[in-house]
Amino acid sequence: MDINVRKRSQAQVIQLRGPLRMGAAVDSLRQTFEESLANGDNRLVLNLAEVAMIDSSGIGLLVRFLASTRQRGGNIKLVQPSKFAVQTLRLVGVLNLFEIFDDDDAAAESFA
Amino acid sequence: MPGEFRDGPENAALSERFDLSVSATSDAIATVGDAISETLLQLEVPEQKRLEIALAVQEALANAVVHGCGNDPSKQVRCRLKSDPQGRIVIIVTDPGPGFRPDLVADPQQRENQYADHGRGVYLIRQLMDEVHFEHSGREIMMWKY
């Protein structure tokens with residue numbers, strides 16, 4: 001999985017490319033989240049436009065760090081999750097935990 | 001007829017398309033998952049169905065590696081895919097572990113489980129596939145997509 005992190009004034013934008021599944025992908029994103037929180041960046045925008053699949057390991061990671069960022073006054077906001085990713089999040093009952101946006105700018109500005 | 005198909009993976013109408021045993025590692029199962037997706041593409045399975053099968057297989061393989069093999073790379077996980085002339089697919093994932101009680105799996109839809117970082121795999125498999133059976137005390141999962 002490719003992970004590209006960009007710092008914006010209102011939030012940190014994390015762009016993913018590839019399936020978010022157990023193993024290297026989930027480990028890399030966990031490390032990215034941990035580094036963000038360690039640096040005090042708890043307002044995160046996660047661009048999922050190029051993530052065709054999220055498995056239960058990936059979902060577990062997202063909800064765990066969603067809770068962590070919220071405890072610090074932040075949040076994780078999702079951008080352009082695929083139809084199948086939305087379906088998967090809904091199936092396991094966590095879709096309603098996330099705010100979803102059409103683009104990075106709108107998600108970042110929602111933190112202002 | 002699903003009833004005929006339910007007879008099991010040894011059903012004569014089923015053709016074996018895929019049979020691979022790999023080390024119990026996350027990298028190895030990612031490779032199996034990609035190979036399954038490629039096989040489904042060759043079988044001209046529609047995209048939505050391909051995604052649902054691929055995710056169910058990923059969950060079954062992950063359970064086999066983590067729970068069946070205890071993340072021990074010296075152990076092996078086996079994955080088979082068969083199809084019939086009607087395009088129905090059966091996938092069988094087998095591990096050498098102690099098995100488990102699928103009826104004791106928690107419901108991730110319960111509010112108290114919403115923020116849990118695990119415990120969604122078997123639930124997802126049951127939602128994504130048309131028929132799911134656990135055999136050999138849970139060491140083998142058979143998943144059908146019609």
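This is a predicted model: local features need pLDDT of at least 70, side-chain atom pairs count only at pLDDT 80 or more; totals for chains, interfaces and linings use all residues.
- On the H3(B) side, the contact is made by Glu52(B), Leu55(B), Ala56(B), Glu59(B), Ala60(B), Ala62(B) and Asn63(B).
- H4(B) answers with Gly121(B), Leu124(B), Ile125(B) and Leu128(B).
- Sort the residues of this contact by type and you get seven nonpolar, two polar and two charged.

**The sheet in chain A**

- Now hop over to chain A, where five strands form an open sheet in the order S1-S2-S3-S4-S5, with mixed pairing.
- Strands S1 (2-7) and S5 (100-101) of chain A stand at the edges with a single partner strand each, so one side of each has no neighbour in the sheet.
- S1(A) is joined to S2(A), residues 12-17, by six bridges, and these two strands run antiparallel.
- To see this pairing in the structure, find Lys7(A): its bridge partner in S2(A) is Gln12(A).
- Helix H2(A), residues 56-71, packs on the sheet and touches strands S3 (43-50) and S4 (75-79) of chain A.
- The direction of H2(A) makes about 130 degrees with that of S4(A).

**A closer look at Ala35(B)**

- You'll find Ala35(B) in helix H2(B), which spans residues 26-42.
- Skip the neighbours within four places in sequence, and Ala35(B) is in contact with Phe18(B) and Leu20(B).
- Ala35(B) and Phe18(B) are 17 residues apart in sequence, and their C-alpha atoms are 8.8 Å apart in space.

**Where the chains touch**

- Chain B puts 21 residues into the contact between the chains, and chain A puts in 22 residues.
- On the chain B side, the elements giving two or more residues are H2, H3 and H4 of chain B.
- Which of them gives the most? That's H3(B), with six residues.
- The chain B side divides into 10 nonpolar, seven polar and four charged residues.

Technical notes: Residues are numbered from 1 along each chain as its sequence is written. Chains are lettered from A and ligands numbered from 1 in the order in which they are written. Two strands pair if DSSP finds at least two bridges between them. Helices (H or I, at least four residues) and strands (E, at least two) are DSSP runs, numbered from the N terminus. Two residues are in contact if their C-beta atoms, placed from the backbone, lie within 7 Å. Axes are lines fitted to C-alpha atoms, for helices over the stretch in contact, and angles run from 0 to 180 degrees between N-to-C directions. Ala, Val, Leu, Ile, Met, Phe, Trp, Tyr, Cys and Pro count as nonpolar, Asp, Glu, Lys and Arg as charged, and the others, Gly among them, as polar.
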